[in-house]
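User: I'd like to learn how to read salt bridges in a structure. Could you walk me through it?

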Amino acid sequence: MKKCLLVVTAVLGAMLLKAQSGELYTTPPVDGACYMARLEYVNDEPERKAKVYITKRTQADIRTYGGEDYLIDVVGQNTAYPRDLWGVLAGDSLYINTEPVSGSRGYARAESAGKYILMFIAIPTNKAYRLRLEVSDQVNAMLKAQLDRVMKGEAGTGGVMGSGELAEMRLAVFCDRDSGMFRCLSQKHVDALLAANPATAKKYAKPKFASMDRGAVVALFDSLNREHGAAK
């Protein structure tokens, strides 16, 4: 047993050294602004600036292990997963730590960021997070769409949805950056957002959330954020 533990420790140590030296990454590090808390992002006051590795996970990796779309490693930090960060801004892309949001380790990229932040995350496995995010309506709609695909022979094996397919499914979640409280997008939220943003409401004639694809949701939030000035 002790011998096995020594071997595992040696392997993990070697991986950590390779990560710190950049040997595990296929793309070079980029400049990143690291935020410990949401208000640091809102006020544009990052806790520190550092080189960061941003890794987009493969479909096979996600189907096998689940989790979020991105992994981030801050150069010089002794972990490949900086759990203490709220998020990282690299260029024009904001990556948010999803563990406080959904309990899922990893990072999701904000698809639209300004007054409202929109991102797509894995379905939380913890019931407490699902309740907090109010995911039931959206999950039911997604599962129905997936089951329709199964019935048409477009998904699943033998008419059964696989765990890999569920691991790939993504939920649209959003927050007002001033509150930071993420919620799973639903029809009631779309209606409330349009009621509070008349300029965007003029462009949309009572849109049905259930019929909106990912691109349509991003376009809606881009319009909402433009109404409040340039996205951050």
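User: Is aspartate 31 buried or exposed?

Analyst: Aspartate 31 is exposed, at 53% relative accessible area. Buried means under 20% relative accessible area, exposed over 50%, and partly exposed in between (1.4 Å probe, protein chains only). Keep in mind that this is a predicted model, where local features need pLDDT of at least 70, side-chain atom pairs count only at pLDDT 80 or more, and totals for chains, interfaces and linings use all residues. Residues are numbered from 1 along each chain as its sequence is written, and side-chain values use heavy atoms, with hydrogens and water left out.

User: Which residue forms a salt bridge with aspartate 31?

Analyst: The general idea goes like this: side chains of opposite charge can pair when their charged atoms come close. A salt bridge here is a side-chain nitrogen of Lys or Arg within 4 Å of a carboxyl oxygen of Asp or Glu. For aspartate 31 the partner is lysine 51, with the closest N and O atoms 2.9 Å apart. Lysine 51 sits in strand β2 (residues 48–56) and aspartate 31 in strand β1 (residues 30–35), so the pair ties together parts 20 residues apart in sequence. Strands (E, at least two residues) and helices (H or I, at least four) are DSSP runs, numbered from the N terminus. Lysine 51 is partly exposed, at 40%.

User: How many salt bridges are there?

Analyst: The structure holds 12. One of them joins aspartate 61 and arginine 57 at 2.8 Å, N to O. Arginine 57 is buried at 10% relative accessibility, while aspartate 61 is partly exposed at 25%.
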